[in-house]
Structures are given as C-alpha cells and as structure tokens.
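Let's take a walk through this one together. Have a look at the model first, and then we'll go through it piece by piece.

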Amino acid sequence: MKKFLTNIELFLKGSDFYRGLKITFAVLIPLIAFNFIGYFEFAPAIVIGAFLNAPGDIAGSIKRKVNAILISIGLTMLITAVILFLKPYLPLLVVALAVISFVVSFISIYGFRASLVSFSGLLAMVLAFAIEKKTAQEIFIHIGLMGIGGFWYLLVSFLFQKLAPKKEENQLLSDTLLLIGDYLKLRARLLTKSSKREELIQKTFVLQTQINEKHETLREVLFTGRKRSGRSHYDEKQVLIFISSVNIFELIEAKHLDYNELDRLFGNNKKHLKAAKKLNTVMGNHLIKLSELLIQNDELPNRDNLLKALANARQAITDYVNDVKLPKALEGSLLLRNHYDYQELLLEEIRSIRRVMANVQHASKVSLKRQDVKQFLTLQEYRFNVILQNLSFNSTLFSHALRFTVAIVFAFILGTVFNIHNTYWILLTIIVIMRPNYGLTKERSKDRIIGTLIGSAFAIGIVLITQNIMVYGVLAIISLTLTFALIQQNYKSGAAFLTINIIFVYSLMNPNTFEVIQYRIIDTIIGAGIAVIANYFLWPCWESNNLKDVLLSTIQKNKVYLLATKDLYHEKNENQLAYKIARKEVFLAISNLNAAFQRLTQDPKSKQKEFQLIYNLVTLNQTMVSAIASIGSFILNHNTTKASEEFDDVLLHIVDNLHQSCKVLEGTVPENSLDKKSVIRAEESLLRAYQNLSCLRDKDIQDGNTEIDTDTLNQLQEAYLISNQLIWLKTLSENLKKATKQYKIVLDGKG
C-alpha cells in the first residue's frame, strides 16, 4: 500500500501530470472566457489551435521548443485551410490528402521533435474533416482563430515554465536515476543467474537504450539552455547529478564481465559472489530512492545499508582467499578485487549525488568550457540534403511515408464509399498507432483497442448510473488531463482516458451516448486493422534487412573508442576530453543497435531471419564496448604504469580486425592485416608480464609475506585487467570479423 501511495504521489508531482494540467488549462480557459463574454462560437477554433500545437512542446531548450511550436502553428493552419477549401471537390481532396500525408509524415526524418510537429500537421488534416465551414470567410476566420489558439498555447507553455522552471529537468534526472538503478540491479543478477543470462542480457539492451535517450535529452536541456551569465546554484546541482549519472552508467558498462571466465573461476557455487551481487542491488535501490526524492523533495535515505553492503563485499574477498587459499585463489581474488574497486567508484558517485541533493556547500563545482560542451551535443541536421538522401526505398521513413499515405487514402475512400459514420475517427486511429516498425504498430493497435474497450466500458457504466451533464463535464476534464499525462508513459491507459474524454464530450452535444460508444469502438478496430495490414504487406521494413548501416556505424565507433583509449593510456591528462567524446558516441551507437535489435524481436517470427547471427553481432559489439570501457575506466581512476609497445601492438591488431569488419560490410576487399606473429608475441609478452608479477607474489606468500602493499596490488590489478581485457577484446574482434562475413553473405544472398 505504501508503494502504491508513493507511486501516486510521484505521478501527481511529476512533469507528465503537470503537462496534462497545462494542456487542460490551455483548452478550458478559452471555453470559459468566451462563454462568459458571450462569444462562445469562437472558442472551439481557438481550442483546436491550442490542442494541435501541444505535441511539439517537449523537454529541450527554449529556443527549440519555440521554433517547433511556431512551425507547428503555420503547418496546422495551412493544412486545415487546404482541406476545408477542397472539401467540395472530392478528386482534389483525395489528391491533397495523399500529398499532405506523404510530405508531412516524411518530415520525421529530421528527428523526434520534427516527428511531433509532423503529428500535429497530420492531426490537423484529420480534424479538418470534423469542421463544417461553408464560405471562404468562415474558413479564414476559423484559420485565424486556430493561429490565435496556437499562440495562446505558446503563452501558456511559457507561464507554466515560469511557475515550475525545473520540473522537466528534475523529471528527466529522476527517470534517468530510476533506469540506472534498475540497470544496476539487473547487472547484479547476471553475476549468479548463469541459466538466465541470455534473457537478462536482452533486457539490458532495452535499459541501455532508454538511459542513452535520457542522457541525450539532458545534454540538450542542461547545456544548450545555459544563460550567458552562467548557471544558477540550482542549475549547477542538476549538472552535477547528470555528470554523476553518466559516470555511473559508464562504470556499469565497464563491468560487463567475461561470464565464461567467471563461471570457470567460481563454478556452480557462487556463494563468494553473493556479497558483490547484494552491494549492486543495494546501490540500485538507493539510486531508485534518490530518483523519487528528486520529485518528492523529501529527506535523504540513511546510507548505513550502503556502507554495510560495501564492507561485506570487501570481507567476501578475504573469505574467498581463506577458503580457496593462495596462490590458487590469486586469479579469483584479483577479479573480485577489480569488481570491488568498480563498486567503490560507483558508491562514491552515488555519495556525490547525495551531497548535491543535500545542498552541501563544498560539493564539487562544474567547470565546463563552452567549446567542450558543444562537442558532447548531438545536433540534428536540418539541411534539404537530408530529404534527398532519404528519397529511396532504402530509407525506412520513405517506405513508411508511402505506406502511411496509402493507408490514409484507402481508409478515407472506404469511409466515403460505405458512408461510415465519423470516417475521420478511422483516420485518427491510423495516425496515432501507425509506426515505421510493424511490431510497434501491432503493439499500439492492441493497446489502442484494449484502451478503447476499457474506456467505453467505464463510460457505459457511468451512463447507466447517471445522465447528469455536470458529471459528464467533470469526467471529460479529468480524463483529458490524464490522457496527456499518461499517453507517453502508458499508451493503453492513455487510450482508455482519451476514449472516456471523447465519449463524454460528444455526450454533452449528443444525448445518444451509446451510439457514440458503438461508432468509437468500430472505427478504432477498422483503423487498427488497416494500419497493421498496411505495415505487413506494403513495402514492409523488416529489421533483419535494415541492420547493416546501424551495425557498420557501431563497429566504426568502437574502433574510434578503442583508439581514444590507447591515447588515454599514453597521455591521460591530454586525451581525457577526446576519450569522453568517443565514449559518448559509441554509447549512442550501441544504443541505436540495441533499439534496432528490439525492433527485430517485435517482427513476426517468420521475418526474424538469421536471428541468432544478428543477436551474436549485437552482443559482440556490446561486449566490446564494455571491455574497452573497462580498460578506460581503470586508466581514468588509477595511477597506471607507462603503456607498453606490446599493448599498442595487440590493440592495433584489434583495430585492424574492426577495420576489416567495416570493409566487409561496405562491400570492399579488406586490406592485409598486421603481422600475426608479432601480435602473438605481444600477446604472450603481456601475459608473461602478469605471470611474472603473479610469480613474485606467490614467492612472497611462500615466504610468509601475506600482506600486500598498495603499489604491488595496483600493478597486479593493472597487469591482470589490461592483459585479460585486451586478449578478450582480440578474441571478440576476431569473432566479430567472422560473424560480419557470415552476415554479409546472408545479405548478398537476399540481394
């Protein structure tokens, strides 16, 4: 019960509910004001203008928000005018419907914000069919009032931003810490759940993608929104929490262990790993609690359980050594020690977030150069050239725009020929649920139908209980707020509340509520059916055929990241910025690859061709990122020795393997690789360096010197981690090269 009440509190204090209130306010005030002054007939057009231009108002810099809403205002006014003027001319109307559907849906090539502006335009096209204006004067007045409504919404958006200027940023930070907490707990389970690892690893793909998306949005919000005069203390706190969240995410990524090696060392008895697993779980839960406090503004949780779990993890290393005995326990103890060091660093970042949230005055200050910050921002390209590059069936969004256009035109003609009541509801369903990916369209169709049925059942229940107009009005307002609060987070619930809203709004005008419910259900099912069938049969984009470019980009980014890590090892102070930029780029690339793989899993089983090969390619790239991050993280957080020539030789061989993999995907003949004999000698030399240190340590133990000094421990850890991770990377890169060749053969066979 307590958890349920906490979730309700978080929802009511969150930015999603605040957004719902904002849109409801923008819709209700014109209705109330114009009714009060006796000009209610002008209110609906203003309300439509406000409603249509709300989608582009998403988290991001003020400049981008304003630009998106202004473009949306112009686009919705133009589209509404075209549809209203062409309504009497059916052939021209069908042509206009096709052109608008294709052009406006194609705008989505310019990114997520553009896709929301596109949605506003398509929504305007559909709602125009519900508007009855006969003369040119009536149309122009309606269009003008729509424009006023758009600017009214922009004013409301500014007002709500002033009332709660940091609500969006806090929500984004809260969501990010929540996801990272879940991710850390999932990685804890991977330590001991050997039988469920493949299933758990697939879940990590989803979380990685979500975390990277949050980090990208936060970069835009926190860095492009900075005032020239500098940040406020509150801005500084948010940036510090964001930086710690990025550091935590990288540290988690850096500990994607070689689970085969883990199983070899610890066997089926994982009792010595339980303390490490418990510490990850405790830290994950602590991050989740901190995420809640960003919204609740409550007191910080006690940190004693963190410190206790850390002490237990440290004690577990000693217990392992006592149980297994040195020197046999040396390799396992080093693995546990490296893992403990990583957990210590995680805990320090969590404590940094605690200090910031507790308003500790001496918490670290952020010093970011403007030119450095710009390099961490992913800027959307808006050149016309982007359109030209996507005008082919190789573009997923081009195929989607064509498919969407055919579905819309077919639905309109179907509704016109058979005189279907409220044909625009069918069009609206297609617009809302149809996506470039078949699996997502099918999922949204199912959620839409279920949500519609739930909402209809609720509305029927209310109508049977009462026919009170006041009750209908109150429920319409509440459901409108909840629709916009939930539509992004839980589409099924959002669809249910949207149905409730539409039914009660119509009920205020039409006493035959059951007729409204009946047509609502039928039109939703027809629209969902058309969308799913179109996605399956018309220029389908099966993900197994569209992975090549995403895969190529990921391998290229892995190569750059590896070279940046090499430079970091040689000159830590000079090359940190380049390393962190390369890290950010590869994390985004692997996130895109993970997202593509998730789309693949949503395709019909018959279309998931070469699933195991693709899964292998994704996991190989994912594991490479983690192995490189492990080396980079160690270098950043430890005093290291000078990088050896053998390190460079093996690393460059790995780079060469990645380069050849890229060439294979590009369809060119790979160049001759480096001298394999020299690479083998370098590999043996790295192993020998670790073994020499290990033998010296064994001798110390035999001589009775069981205590180890810090420098010797650091050298042992460095030699063990560098040699093991680098040789592991070499194996991974060779496996990746083989898998890439197999994938290219499959692609060529399909071609």
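Which residues make a nonpolar surface patch of about 540 Å²? The patch is made by M1, F4, L5, I8 and L12. Areas come from the Shrake-Rupley method with a 1.4 Å probe.

A word on the ground rules: this is a predicted model, where local features need pLDDT of at least 70 and side-chain atom pairs count only at pLDDT 80 or more, while totals for chains, interfaces and linings use all residues. Residues are numbered from 1 along each chain, and side-chain values use heavy atoms, leaving out hydrogens and water.

Back to L12, which is in helix α1 (residues 2-13); helices are DSSP runs of H or I with at least four residues, and strands are E runs of at least two. L12 counts as partly exposed because its relative accessibility is 45%, where buried means under 20%, exposed over 50% and partly exposed in between.

Now for the rings. The structure holds 22 aromatic pairs, meaning ring centres within 6.5 Å (stacked under 30 degrees between planes, edge-to-face over 60, tilted otherwise). Y424 and W425 pair edge-to-face, 6.3 Å centre to centre and 75° between the planes. Y424 is buried at 12%, and so is W425 at 4%. F597 and Y615 make a tilted pair at 5.7 Å and 40°, and both are buried.

How values were computed. Patch = residues over 30% accessible without salt bridge, like charges linked within 9 Å, V, L, I, M, F, W, Y side chains within 5 Å. Salt bridge = Lys/Arg side-chain N within 4 Å of Asp/Glu carboxyl O. Buried < 20%, exposed > 50% of the residue type's maximum accessible area, 1.4 Å probe, protein only. Phe/Tyr/Trp six-rings, centres within 6.5 Å; stacked < 30°, edge-to-face > 60°.
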